[in-house]
Amino acid sequence: MDEEKNSPPAGGAGRPMFQGNWKCSECDKEITELPFQPNEGQELSCKECYAKKRNTQRSSRPMVQGNWTCSDCGKAITELPFQPSEGQSLSCRDCYLAKKNS
Ligand SMILES: [Zn+2]
Ligand SMILES: [Zn+2]
């Protein structure tokens with residue numbers, strides 16, 4: 001019901017933690033507290049895996065998974081940093097960067 005309202009941790013004190021009994025979807029480790037209330041069936045990551053993922057992505061922006069085609073070169077696009085609207089022309093990362101730099 002609630003929209004995702006788990007804002008990125010600001011590192012401040014007094015952040016409410018939710019106690020529970022979950023499992024990390026990556027390493028199966030037990031998770032006993034989370035900074036947000038997870039939805040049922042939501043994939044959860046323990047602190048270590050979360051940090052690892054954050055490091056590899058280098059940004060905390062969520063990626064939208066899907067199956068699109070680049071309107072410039074016809075390459076398949078499988079993830080985007082935003083949810084595209086229907087009929088929107090999309091560019092793969094290469095074309096996007098090429099356009100940006102031109
Ligand atoms: Zn883990
Ligand atoms: Zn392209």
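Student: What makes E1 and strand E2 (residues 30–34) a pair?

Tutor: Two strands pair if DSSP finds at least two bridges between them. E1 and E2 have 4 bridges, in the antiparallel sense. One bridge takes in Phe18, whose partner in E2 is Leu34. Keep in mind that this is a predicted model, where local features need pLDDT of at least 70, side-chain atom pairs count only at pLDDT 80 or more, and totals for chains, interfaces and linings use all residues. Residues are numbered from 1 along each chain as its sequence is written, while chains are lettered from A and ligands numbered from 1 in the order in which they are written.

Student: And what makes something a strand or a helix here?

Tutor: Both are DSSP runs, numbered from the N terminus: helices are H or I with at least four residues, strands are E with at least two. On that basis the protein has 2 helices and 4 strands, in the order β-β-α-β-β-α.

Student: Why is Asp28 called exposed?

Tutor: Count the other C-beta atoms (placed from the backbone) within 10 Å of a residue's own: 20 or more is buried, 12 or fewer is exposed, in between is partly exposed. Asp28 has 8 such neighbours, so it counts as exposed. Asp28 sits in the loop between E1 and E2, and has a positive phi of about 65° although it is not a glycine.

Student: How do you know that strand E1 (residues 18–23) lies largely in the open?

Tutor: Of its 6 residues, the number buried is 0, so E1 lies largely in the open. For the protein, 2% of the 102 residues count as buried.
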